[in-house]
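Here is my note on the model you sent. Please read the points with the structure open beside them.

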Amino acid sequence: MRGASNIAPHNAPEPLHLLTRRGRRGPAYHGGVPSEAPADQRVADLLEGLNEPQRAAVVAGDGPLLILAGAGSGKTRVLTHRIAYLVHTQRARAGELLAITFTNKAAAEMRDRVGMLLGHSTRAMWVMTFHSACARMLRVEAPRLGYTRQFTIYDASDSRRLVKRCLDQLDVDPKRFTPGSVAHQISDAKNKLRSADDYARMVGGHFEQTVADAYKLYERELVRMNAMDFDDLLFRMVNVLELFPEVRARYAATFRHVLVDEYQDTNHAQYRLLQLIAGDHKNLAVVGDDAQSIYSFRGADIRNILDFQDDFPDATVVKLEQNYRSTQTILSASNALIAHNRAQMHKTLWTDQGEGDPVVVRELEDEHAEARYVLGEVQRLVDEGVSLAEIACFYRTNAQSRVLEDALVRAEVPYQVIGGTKFYERAEVKDAISYLTLLANPADAISFTRVANSPKRGIGQTSLSRVLAHAENTGITVWEAADDPAGVPGLATAAIRSLTRFMSTMNDLRERVADDVPMGDLLEAVLSETGYLDALEAERTIEAQGRIENLGELVAVAREFDAAAPPEQDRLDVFLQQTALQSDTDDRKDDAGMVTLMTLHNAKGLEYPIVYMIGCEEGVFPHSRSIDEGTLEEERRLCYVGMTRAMRSLTMTHARQRNVFGSRAYGLPSRFLAEIPPDLVDRQGALTGYANGAGADRGSIRPRAMASWASMRADAAAAATDEKSFRLGDDVLHAAFGEGVVTGVEPGGVVVIRFARDGSERKLMAEYAPISKRG
DNA sequence: CGTAAATGTTTTTTT
DNA sequence: AACATTTACG
């Protein structure tokens with residue numbers, strides 16, 4: 001009983017536990033449709049216009065349901081209609097539904113569409129990402145694990161910073177083991193639900209031992225600072241559900257129907273979470289497409305979807321194969337591409353919308369020519385009456401957008417970039433948020449160090465370390481330590497004075513938090529009273545002006561929050577939670593007259609009439625790192641995702657050379673281009689330059705053994721480096737590292753060399769590195 | 001303690 | 001090439 005009402009969502013009209021025990025099957029089924037006349041009509045409307053499998057998925061009864069939804073097969077439609085159907089037939093109340101999406105944007109969209117289908121508010125419904133749902137539950141349950149409700153959520157850069165501090169403390173050479181790689185390793189472990197102790201038990205090598213030590217320390221620091229990283233949101237929630245059966249029972253009873261979108265991209269922690277919540281009633285409907293699994297680098301485990309039928313032998317399985325988005329040509333090309341992958345569930349997309357135009361493949365001289373080409377096409381299309389909003393351009397890495405942006409800006413073509421440098425990751429925005437975070441969570445040392453000397457107040461590195469160390473040694477929070485600077489050993493008098501002034505401002509601000517001041521006002525007070533805004537204004541640069549504008553935007557966000565959220569006790573906590581999990585991807589505008597630019601990853605779930613995929617070159621796409629790490633199939637799925645976004649026109653370009661890392665690099669056309677049947681392709685542009693000399697032989701580059709691709713890449717790289725060319729297997733001598741052997745040759749004149757001395761493998765620029773051939 | 005220069009790192013993709 | 005972090009010096 002205790003705390004039962006706590007699980008009410010912040011904006012729910014009534015506590016959830018009141019809703020849970022009224023499980024109803026709905027008024028007598030008559031062939032799956034309830035008898036009340038108006039509801040009857042609404043149900044009929046819901047099923048209107050759905051094809052056979054879609055309808056089957058919508059009306060499927062209780063129990064596990066697997067919907068294998070190919071690209072463009074209307075899965076969002078099925079999900080939203082199923083939710084509305086469950087409510088209309090009274091099999092579920094709004095408050096009994098938990099619907100998980102991949103992004104906040106997708107969640108908002110789904111809530112919207114369900115709202116329109118239902119014709120009433122969806123506030124009681126939990127439609128959100130895994131992370132948001134967990135954060136919301138943890139706001140209530142975290143005290144069970146020793147956290148307060150004000151715990152801070154660290155993003156990737158925060159946790160990297162903390163990992164770095166841990167590594168420093170352990171005297172680890174940051175060159176040998178970078179904070180980034182260690183953080184990634186820890187994240188990986190958490191996604192697999194491996195605690196620091198679990199990890200320590202399975203270490204093999206030196207690197208893993210270091211990670212194990214860092215992991216242990218990192219966890220201790222997180223708890224001490226009352227903070228969780230992204231992965232913890234899932235991990236800790238699983239902990240709660242496993243440790244407290246009564247809590248698990250409560251959520252399992254509350255969420256009587258669980259629906260999950262993009263199931264192919266769930267990781268083990270998410271899988272476990274679903275088991276814990278839906279394991280009893282098994283009313284778990286998942287939608288996904290194994291061919292679109294593109295997040296294994298973030299711990300996504302494709303087995304979750306491949307094994308669903310093993311996990312739930314009685315699962316209803318529905319396949320959606322009719323595509324409503326693309327032309328048959330685009331689908332055939334995509335099908336042919338993905339057929340090169342081994343593990344997959346068989347599925348063949350088809351459409352009745354006609355053949356359409358061939359896929360255009362275009363070779364350009366370099367990235368600038370590529371950008372000019374896309375720009376020219378955009379202008380041509382606009383002349384033909386196409387709206388800019390119908391056009392999208394995808395690329396593999398964010399850095400690739402720059403050249404394209406230059407071209408568009410110069411030609412004054414409006415565009416929007418999705419993702420990239422994120423609003424909430426900008427230094428000034430993070431600073432502002434860190435101030436607020438520190439006000440909410442006085443133990444948050446990461447926020448404290450970020451903010452204490454920004455703007456400059458004469459609290460330098462040494463003073464900060466002393467305060468931090470003092471807090472750690474005496475077991476008090478950083479806030480308490482800083483609030484009594486005289487008590488910190490070894491602090492200079494100047495530093496004491498600065499800290500005293502700083503903390504008096506902070507104490508002031510904190511009182512206003514207690515007074516429940518609106519977020520907009522609080523944020524403005526923070527920015528002006530800490531002198532942050534003054535410092536920026538004093539700079540008098542265009543850059544600083546931009547920052548001020550960004551902060552203005554943040555204040556606007558806060559005011560919006562004030563207007564939308566009902567006044568409540570822990571306003572600041574809710575605001576911080578929301579912003580911590582917010583990403584720019586969520587700010588896409590559909591209706592605006594702009595070309596849309598984004599990474600292929602961001603393109604998932606979207607569709608555009610006209611699509612350009614640029615940078616289709618070996619090393620760029622597939623990315624060289626994925627070639628090294630043997631994750632080519634995932635790259636191919638990414639290519640598949642990109643191609644299947646296109647409705648009627650798909651163009652893929654590759655450049656003969658481009659600037660990578662500052663220097664010129666030569667690239668061969670992506671192998672993916674060769675995997676599209678030639679008769680579906682219209683190759684344009686210079687046909688020379690294909691590594692196999694088959695320029696005139698359109699599309700004849702067939703996938704062969706890896707070795708042949710590797711040597712072709714080696715040839716291209718060799719051409720780029722003139723005299724100083726290295727081949728696989730060459731013995732070399734390095735001025736500093738000694739003897740080694742060439743284990744790889746990459747575009748851009750990069751050679752990979754394994755050194756005999758310590759067995760390390762390093763990537764070097766052949767042209768500049770002090771290496772010479774031996775023997 | 002702060003600034004400026006030098007040095008190193010980064011570029012995969014993101015909740 | 002762009003950015004972050006470290007180092008040298010005032």
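1. Start with helix H26 (residues 542-564). Its buried residues are Ala544, Ile548, Asn550, Leu551, Leu554, Val555, Ala558, Phe561 and Asp562. Buried means under 20% relative accessible area, exposed over 50%, and partly exposed in between (1.4 Å probe, protein chains only). Helices (H or I, at least four residues) and strands (E, at least two) are DSSP runs, numbered from the N terminus.

2. What covers those buried residues? The cover includes H19, helix H24 (519-529), helix H25 (532-539) and helix H27 (571-580). Contact here means heavy atoms within 4.5 Å.

3. The length of H26 agrees with expectation, because its 23 residues at 1.5 Å a residue should span 33 Å and its end C-alpha atoms are 33 Å apart. The expected span is 1.5 Å times one less than the number of residues.

4. A word on the basis. This is a predicted model: local features need pLDDT of at least 70, side-chain atom pairs count only at pLDDT 80 or more, and totals for chains, interfaces and linings use all residues. Residues are numbered from 1 along each chain as its sequence is written, chains are lettered from A and ligands numbered from 1 in the order in which they are written, and side-chain values use heavy atoms, with hydrogens and water left out.

5. Chain A has 31 helices and 22 strands. Of its 775 residues, 55% count as buried.

6. The largest nonpolar core has 120 residues, and Leu436, Phe448 and Phe502 touch the most other members. Helix H19 (residues 427-440) gives the most to this core, with 8 residues. A nonpolar core is a set of buried Ala, Val, Leu, Ile, Met, Phe, Trp, Tyr and Cys residues joined through side-chain atoms within 4.5 Å.

7. Now DNA strand B. Sugar and phosphate account for 56% of the atoms of DNA strand B that come within 4 Å of the protein. A residue is near a strand if one of its heavy atoms lies within 4 Å of it.

8. A polar side-chain atom of Thr599 lies 3.1 Å from a phosphate oxygen of DNA strand B.

Technical notes. A polar contact is a pair of N or O atoms within 3.5 Å; within protein, one must be able to donate a hydrogen and the other to accept it, and residues adjacent in sequence count only if both atoms are side-chain atoms.
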